[in-house]
Amino acid sequence: MKNLHFKSYMENFLYDLNNFITIYDDTLHVFNFNKLNKLSDTEIILKIGFKLVLIEGKNLRVSKMTKQELLINGDIFKVEFKNE
Amino acid sequence: MNKIVWVKIKNKRYYNTLIKLNEIGITLYETKKDKDYLLIKTSLKDYQRIKKYLVSYEVEIYDSSGFLKIKELFKKYLVFILSSILSIVILMLANLMVFKIDIKSNKESIRELLKEELKKYGLKVGTLKHNHKDIEVIVQNILEDNKDTLEWLEIKYDGLIMVVNVTEKTIFNNEDEKDECDIVSKKDAKILSMNLYRGVALKEVNDYVLKGETLISGAITHNEEVKNTTCASGEVYGEVWYKAKIEVPFLENYIEYTNKNRYNLSININDKEYAIFKSRLEHKKISKTVLYKLNDFQINFLKEKEYKESTRVLTQNEAMNKGINLAIEKVNLRLGKNEEIITKKVLKKEVNDSTIYLEIFIVTKENIGVVKEGIGGLNNDANTSRKNNE
């Protein structure tokens with residue numbers, strides 16, 4: 001019997017992007033990253049696809065984390081995309 | 001259902017630990033950073049994975065919820081819980097047991113007899129309490145077995161103490177009847193009533209008698225000849241006169257309660273009482289309520305009522321009434337059963353600057369008969385009495 005994959009379809013419908021970064025006042029939400037390269041209270045480096053994302057700030061703290069999602073709290077100053 | 005736990009990881013390198021947790025795919029719902037610890041909220045499944053993969057880290061469950069928490073608490077306080085349950089069981093068992101047997105009798109022989117009887121029916125210190133029906137049967141059996149000695153018996157439980165109330169059977173000793181005795185007057189009086197049980201009455205109602213005069217003789221006579229002797233028995237009530245002299249000061253001390261109340265607790269250990277809190281009232285009246293009692297140990301609730309001492313000046317009438325009441329109280333102390341004050345009168349009253357002096361005449365009804373061993377003065381007393389009556 002073939003699986004219908006309802007959950008995957010719904011996710012694809014709601015998140016039609018492979019990955020995204022959402023920035024609020026003092027919170028940063030990263031969806032679907034590949035690897036967490038560096039983590040400190042002033043700098044976080046993530047690998048998303050073939051790019052590196054550099055997040056700079058102060059008092060950065062991981063508040064929630066799954067294998068592919070990250071929620072960071074703190075004073076965020078800069079988010080930069082770099083080629084690998 | 002995935003159980004959520006707070007996990008404590010001992011590691012000062014907070015960010016490195018988080019990277020490692022991400023690498024092994026741990027989901028974190030919340031994180032907290034301490035000086036030497038990293039606290040993470042994760043699933044129990046992930047906790048087991050952390051323990052499996054990060055072997056060099058000191059990892060332990062810091063807090064949990066639901067059944068896991070209960071299980072953990074139970075493990076932690078196992079000794080306390082078990083000892084509490086054991087204490088309750090011991091207390092319940094102790095409550096069902098007898099720790100002391102209190103036999104209310106002045107006679108050593110009765111106490112010994114009852115001890116033996118109770119032992120025979122399994123009522124002894126350290127045994128379980130019997131139910132009401134069993135006790136009733138035991139009481140009946142003991143009374144039946146000792147019907148010559150015991151009149152009435154009651155067994156009841158007061159906490160851990162078994163209280164045995166007993167009334168001894170009064171046996172009228174026939175030997176007493178063989179003794180020779182008279183009933184003589186113990187006071188100067190006028191006879192008001194006479195109940196004669198044994199012997200010959202030598203006086204009649206309304207006769208005046210002096211102290212020591214024979215009222216009922218133990219000598220049974222016929223034609224002025226003593227035929228037999230007995231121990232005279234009877235009750236003779238007479239009118240007795242007292243003259244009370246009393247001096248009452250006009251200045252009287254009295255106590256007045258303020259509305260200040262204080263509460264305290266005290267414990268009694270081995271007949272000594274210790275107050276828990278220090279009392280701040282100088283003059284106080286204490287009323288005590290027993291909260292808990294176990295053998296010689298007792299916890300009491302104390303209510304302290306503050307009072308102050310004052311003085312007042314009595315009027316002449318108030319002082320006189322006080323004097324009369326004092327005299328009545330004093331005479332009442334001497335009176336027994338069926339005895340009473342018939343009348344009272346102030347004979348003399350002298351008022352000074354600070355006191356009132358009173359002479360009070362009090363008439364009482366008293367049992368004036370007293371047993372005197374041996375028989376004597378039968379004819380003389382009887383003759384005198386008859387002459388007086390004439």
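Colleague: In what order do the six strands of the open sheet in chain A stand, and how do you know that two strands pair?

Modeller: The order is 1-2-6-5-4-3, with antiparallel pairing. Two strands pair if DSSP finds at least two bridges between them; strands are DSSP runs of E of at least two residues, helices are runs of H or I of at least four, and both are numbered from the N terminus. Strand 1 and strand 2 (residues 27–31) of chain A are joined by four bridges, so they pass the cut-off of at least two.

Modeller: A word on the source: this is a predicted model, in which local features need pLDDT of at least 70 and side-chain atom pairs count only at pLDDT 80 or more, while totals for chains, interfaces and linings use all residues. Residues are numbered from 1 along each chain as its sequence is written, and chains are lettered from A and ligands numbered from 1 in the order in which they are written.

Colleague: Which bridge partner does I23(A) have in strand 2 of chain A?

Modeller: That is L28(A).

Colleague: What makes strand 2 and strand 4 (58–64) of chain B edge strands?

Modeller: They belong to an open sheet of four strands in the order 2-3-1-4, with antiparallel pairing. Each has a single partner strand, so one side of each is left without a neighbour in the sheet. Elsewhere in this chain B sheet, strand 1 (residues 4–10) and strand 3 (residues 37–43) pair over seven bridges, and V7(B) has I40(B) as its bridge partner in strand 3.

Colleague: How many residues does each chain bring to the contact between A and B?

Modeller: Chain B brings ten and chain A nine, where contact means that C-beta atoms, placed from the backbone, lie within 7 Å. On the chain B side, helix 1 gives the largest share, four residues.

Conventions
Contact = placed C-beta atoms within 7 Å.
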